[in-house]
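Please examine the structure shown below.

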Amino acid sequence: MTEKTSPTSANISAAPQDSPRIAAGQPAIAGGEVRQAVIIGGNRTPFARSHGAYAQATNKDLLTSALNGLIARFGLQGERIGEVAAGAVIKHSKDFNLTRESVLGTSLDPATPAHEVQIACATGMEAIGGLANKIRLGQLDSAIGGGVDSISDAPIVFNDAARAVLMELNRARTTQDRIKAVLKFRPGHLAPEAPGTEEPRTGLSMGEHQARTTHQWGITRQAQDELALASHHHLAAAYDRGFFDDLVTPFGKLTRDNNLRADTTLEKLGKLKPAFGRFLGDEATMTAGNSTPLTDGASTVLLGSEEWAAERGLPVLADFVDFETGAVDFVDGKEGLLMAPAYALSRLLQRQGLSLQDFDYYEIHEAFAGTVLSTLKAWEDEDFCRDQLGLDAPLGAIDRSKLNVNGSSLAAGHPFAATGGRITATLATMLHEKGPGSLGLISVCAAGGQGIVAIVRGR
Amino acid sequence: MAKAPQTDTYTALVNQPLGQKIAGALGLPRPAVLRRYEPGQTLVEGSVLVLGGGHAADEAAAVLLDWGLDVRRQSAPADRYGAVVACYDDAGTPADLSATTLQLGAVQRKMGPSARVVTIFRDPLGSDRPAVRAARRGVEGLTRSLAHEMRRGATANGIVLGEDTALSAPGATGALRFLLSAKSAFVSGQFIPVSSDAGALPRDWEKPLAGKVAVVTGAARGIGAAIAATLHRDGATIVGVDVPAAGEALAGVVNSLAGTALQLDITAADAGERILAHCAERHGRLDIVVHNAGITRDKKLANMDAARWDSVLAVNIESQLAMNRVFLAATGQGVVADELRIASLASTSGIAGNAGQTNYAASKAGVMGMVSATAELMSPTGTAGGGTINAVAPGFIETEMTARMPMATREVARRLNSLQQGGRPVDVAEAIAYLVSDAAGGTSGATLRVCGQGMMGA
């Protein structure tokens with residue numbers, strides 16, 4: 001690689017370790033060594049089913065609250081954080097600086113920069129991973145990554161026909177032109193368009209896409225309901241033993257995720273009618289019980305260098321090791337919409353020299369029970385691993401007792417951009433309890449046929 | 001932070017010209033607006049008259065001069081007094097009380113609003129001679145009665161010196177300053193025992209808790225939030241603790257005080273360890289613990305169920321016993337200060353009892369028992385660490401909780417004390433802040449009432 005770079009870029013990229021010009025402690029970006037990016041802790045709001053407990057709260061309210069809880073937990077009042085990155089999948093155009101505006105509403109030093117990130121449901125993971133890389137390179141000493149979403153605060157927009165008239169009215173210079181434009185209004189123009197979860201290129205909802213994938217991989221209704229049941233029971237047990245005391249700060253009237261059904265049973269889940277893939281008739285398996293509902297909530301994760309954490313007496317839960325983004329061609333049906341993590345993982349494992357079985361915990365985001373089970377089945381499948389991933393042997397099965405052990409999105413809910421922060425902070429806490437060197441894997445699928453996988457190592 | 005009413009409507013009304021006239025004509029109570037502490041405030045407004053012929057009077061005069069006050073040893077016709085310090089430390093028989101007491105009475109009408117009378121005398125139990133003990137108990141009686149007679153927000157309290165404790169001891173000087181100051185606005189008819197030379201006066205009276213790390217339980221709202229704010233004002237770093245369900249309010253309090261929040265149910269088996277670990281990791285030390293968290297589950301005993309009884313006892317007293325065991329066991333290991341200061345919230349309900357509160361009164365009387373026994377453990381001759389432990393027993397305090405009482409009950413309750421009004425959360429907080437300061441190092445095992453000399457259990 002060095003041969004290809006120009007002399008100028010060679011000066012600013014990795015210089016030889018023994019170079020006399022490199023002082024000890026020099027940031028990697030200036031020629032020093034790459035360092036660890038550590039996860040110090042996290043905070044999130046309880047998640048609420050949309051149009052319910054948080055119906056009156058905005059994205060900014062939720063993200064500010066999640067930040068406030070993080071600041072209080074770690075005593076960050078007046079602190080200049082290197083950078084805050086977060087985002088929302090569904091947000092108003094007026095919220096173009098949502099994260100910066102939220103930061104300004106907290107007691108953080110107003111000189112804390114902030115930027116928006118957006119890669120659908122993997123937004124939180126991208127925010128956290130990008131910040132971790134900057135810390136590893138020495139560009140940042142501290143950072144907060146996260147995300148927020150509120151379907152209850154979704155922007156309602158005029159439809160395209162109405163917008164055309166409105167823009168014409170805006171451009172009109174004379175009264176005559178204005179009257180002409182106004183006369184083009186039709187009653188139909190008043191029908192607003194709310195944002196949906198439809199894929200723009202296929203017109204199919206995410207659930208309809210997943211229903212096809214679930215069916216292709218032959219995932220049974222029973223298996224999906226069992227995964228949903230485990231998610232609820234695990235999450236309830238985690239709350240009961242105080243696991244979330246240091247991870248969640250109440251918001252409004254909620255102290256726990258209100259999608260959580262601690263008393264649900266396989267019988268109750270079994271009675272639900274299919275909600276997606278009804279065209280499959282008797283073979284439709286995806287219900288409201290084994291799919292995540294639309295959810296409101298926000299999450300944040302505090303990252304830093306080891307020195308930064310030590311100077312402030314802050315805990316170090318885990319290292320954020322690496323992450324990889326994947327995308328698949330789902331438009332013509334070649335691959336399932338939510339299967340990108342299956343591909344990304346193969347590259348990540350190869351890069352880190354790890355096998356799928358090397359992990360102590362697996363956090364696979366439960367967009368749908370079918371997504372988790374299809375992904376796991378793909379990794380076990382010889383043909384898929386050979387033909388799609390180009391591997392000699394399948395990645396293999398995982399020990400299911402290590403999967404989503406404190407519950408996941410089916411129970412907690414899934415405020416799109418907030419899920420990455422929820423998972424990262426939860427997993428870091430689990431790995432810290434497990435002990436130094438323990439390994440955790442994160443997999444989050446996203447709209448647009450994308451997804452992010454990441455590796456976290458306990459401290 | 002929770003907003004408590006600044007003053008009740010009635011008090012506001014009778015402090016306006018028309019209201020004053022009407023209340024006067026009808027013989028209704030006329031509660032005064034109490035002078036309360038603000039940083040930078042003059043310690044005493046007006047002169048301070050020091051009465052008595054013993055050592056304490058000389059020592060009092062010296063320390064008051066040191067504080068820049070206008071000190072008088074003799075009353076003069078033109079003087080207006082902000083405080084009178086009446087020293088009875090040399091009283092050997094009740095007849096000895098006469099001179100000082102009559103001089104005190106002669107200047108009572110020359111005292112300004114929110115003035116202070118502080119009596120100084122020795123512990124009655126320190127002498128086994130009947131005449132001496134009678135004289136000392138006599139001072140208690142006259143102080144309490146005088147407190148009832150004080151008007152316009154003025155108070156009367158006493159400092160009870162140990163047999164070998166001089167008023168110049170840090171603890172006695174600290175008690176004198178607290179009782180003279182506006183920090184003791186809602187303390188009247190009370191006695192602060194100072195039985196040792198332990199403790200130290202602060203370098204800066206505006207920041208007596210500088211450099212200290214203080215844990216406050218139940219810090220999310222009400223009195224707990226006021227305690228956290230007051231300790232922070234005095235220089236302490238705050239670790240706010242409250243149940244996870246109160247986390248949002250707790251974050252608000254802590255973020256306004258640049259402290260750290262710990263969401264924790266204090267009845268959890270490992271609560272003490274988790275608090276200690278948090279302090280060790282984040283702040284490297286633990287100097288002050290304020291056991292403020294408490295609950296009420298009121299029912300007459302005939303209707304009391306196990307859930308109500310057990311939860312009140314578990315939260316209000318058992319949790320404190322368990323946490324104290326952990327903190328005291330950790331003294332001398334680098335995190336918990338050698339001079340640990342513990343303050344615990346009792347209640348006048350625990351002193352006088354209150355219908356519907358057998359469980360609450362048991363827990364709060366229990367706090368006073370715990371405090372007196374733990375003080376022995378923490379004493380120089382005790383087995384567990386060093387430092388002090390004291391309790392504060394609030395009377396009627398204007399909080400969100402008392403705001404929910406029925407109007408008539410509330411109106412009666414808040415008038416049933418010498419100051420004829422409810423106290424504010426900050427009044428309790430000031431007493432706590434004083435008791436956890438090194439200037440109160442000579443006081444341990446005591447319960448200080450902050451009740452405006454409430455009639456309940458007086």
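**From domains to chain contact**

The domain assignment divides chain B into domain 1, residues 40-194, and domain 2, residues 213-450. The model is a predicted one, and the description that follows should be read accordingly. Taken over C-alpha atoms, the centres of domain 1 and domain 2 of chain B are 29 Å apart.

The two domains of chain B meet through 24 residues of domain 1 and 17 residues of domain 2. On the domain 1 side of this contact, the elements of chain B that supply two or more residues are α5 (130-149), α6 (170-180) and β6 (191-194). Of the residues on that side, α6(B) provides the largest share, namely seven. Sorted by class, the side of domain 1 of chain B that touches domain 2 of chain B consists of 13 nonpolar, nine polar and two charged residues.

A database annotation can be set beside this division. In an unreviewed entry, UniProt lists residues 212-395 of chain B as "domain: Ketoreductase".

Chain A may be considered next as a whole. Its secondary structure amounts to 15 helices and 14 strands. The radius of gyration of chain A is 23 Å, close to the 23 Å that the globule rule gives for 459 residues, and chain A is therefore as compact as a globular protein of that length. Along the principal axes, the C-alpha trace of chain A extends over about 75 × 60 × 50 Å. Of the 459 residues in chain A, 51% are buried. The contacts within chain A can also be described by sequence separation: among those between residues at least 6 apart in sequence, 80% join residues at least 24 apart.

There remains the contact between the chains. How many residues does it take from chain B and from chain A? Chain B contributes 19 residues and chain A contributes 20 residues. On the chain B side, the elements giving two or more residues are α8 (247-256), β9 (260-263) and α9 (271-283) of chain B. The most is given by α8(B), with six residues. By class, the side of chain B that touches chain A comprises nine nonpolar, seven polar and three charged residues.

Terms used: Residues are numbered from 1 along each chain as its sequence is written. Chains are lettered from A and ligands numbered from 1 in the order in which they are written. This is a predicted model: local features need pLDDT of at least 70, side-chain atom pairs count only at pLDDT 80 or more; totals for chains, interfaces and linings use all residues. Helices (H or I, at least four residues) and strands (E, at least two) are DSSP runs, numbered from the N terminus. The radius of gyration is taken over C-alpha atoms; the globule rule is 2.2 Å times the number of residues to the power 0.38. A residue is buried if 20 or more other C-beta atoms lie within 10 Å of its own, exposed if 12 or fewer, and partly exposed in between; C-beta atoms are placed from the backbone. Two residues are in contact if their C-beta atoms, placed from the backbone, lie within 7 Å. Domain bounds come from an automatic or database domain assignment. Ala, Val, Leu, Ile, Met, Phe, Trp, Tyr, Cys and Pro count as nonpolar, Asp, Glu, Lys and Arg as charged, and the others, Gly among them, as polar. UniProt positions are given in the numbering used here, feature names are shortened, and annotations may be inferred rather than shown by experiment.
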